[in-house]
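Thank you all for coming; I would like to take a few minutes to walk through one model, going from the sheet to the cores and then to some individual side chains. Please keep the picture in view while I talk.

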Amino acid sequence: MNQERNCLDCGEPLHGRADKKFCNDLCRNNYNNQLNSNSYNLVRNINNILRRNRRVLEELNPTGKTKTTRKKMAAKGFDFDHITSIYQTKTGSTYMFCYEYGYLLLDGDEVLLVKREES
């Protein structure tokens, strides 16, 4: 009945409480970091892209409403595949937002940049 238990990370025999899973905090942290690393990396990478997109929109739009080009946005590292929300106007225009900063694709290479006012 007295079965030997081993640490889930390093495999060393465990002593102490019956429900103990790790021999120390280092093993517990290492095990959980490895377990979650892939999903955390994906989220971290997407958050980095969104932050960069917001920073580019903020930099190119200091007045709250201005025009620029897709080429200028792309040159600063803007990724058009990552946004936080979409806003459809009554007239049918579709604004893409990255947090409070948004853009509307116009004819050709032109882009209208806007900032959503907090209410």
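This is a predicted model: local features need pLDDT of at least 70, side-chain atom pairs count only at pLDDT 80 or more; totals for chains, interfaces and linings use all residues.

Let me begin with the sheet, which is open and has five strands in the order E1-E5-E4-E3-E2, with antiparallel pairing. Strands here are DSSP runs of E with at least two residues, helices are runs of H or I with at least four, and both are numbered from the N terminus; two strands pair if DSSP finds at least two bridges between them. At the edges are strand E1, residues 65–69, and strand E2, residues 85–88, each of which pairs on one side only. From one strand to the next the twist averages 30°, where axes are lines fitted to C-alpha atoms, for helices over the stretch in contact, and angles run from 0 to 180 degrees between N-to-C directions.

Residues are numbered from 1 along each chain as its sequence is written, and side-chain values use heavy atoms, with hydrogens and water left out.

Strand E5, residues 110–115, is joined to E1 by five bridges, and the two run antiparallel. Within that pairing, threonine 68 stands opposite valine 111 of E5, and lysine 65 has valine 114 of E5 as its bridge partner. E4 and E5 are likewise antiparallel and joined by five bridges, with tyrosine 103 opposite leucine 113 in E5. The hairpin of E4 and E5 has four residues between the strands, and there glycine 108 takes a positive phi near 65°.

What packs on this sheet? Helix H1, residues 25–60, does so, touching E1, strand E3 (94–98), strand E4 (101–105) and E5, and its direction makes about 75° with that of E4; contact, throughout, means heavy atoms within 4.5 Å.

That brings me to the nonpolar cores, by which I mean sets of buried Ala, Val, Leu, Ile, Met, Phe, Trp, Tyr and Cys residues joined through side-chain atoms within 4.5 Å. Buried means under 20% relative accessible area, exposed means over 50%, and partly exposed lies in between, using a 1.4 Å probe and protein chains only. The largest core has eleven residues, among them Leu50, Met73, Phe78, Cys98, Tyr103 and Val111. H1, E4 and E5 are the elements that give two or more residues to this core, and H1 gives the most, with four. Setting aside neighbours within four places in sequence, methionine 73 is in contact with Val56, Leu57, Leu60, Thr68, Phe78, Phe80, Tyr103, Val111 and Leu113. There is also a second, separate core of five residues, including Phe97, Leu104, Leu112 and Val114.

Turning to the aromatic rings, four pairs are found across the whole structure; rings of Phe, Tyr and Trp (its six-membered ring) pair if their centres lie within 6.5 Å, with planes under 30 degrees apart counted as stacked, over 60 as edge-to-face and the rest as tilted. One of these is the tilted pair of phenylalanine 22 and tyrosine 31, at 5.2 Å centre to centre and 55° between the planes. Phenylalanine 22 counts as buried because its relative accessibility is 14%, whereas tyrosine 31, at 28%, counts as partly exposed. Another is the edge-to-face pair of phenylalanine 78 and phenylalanine 80, at 4.8 Å and 65°, and Phe78, Phe80 and Tyr103 form one aromatic cluster. Phenylalanine 78 is buried at 6%, while phenylalanine 80 is partly exposed at 22%.
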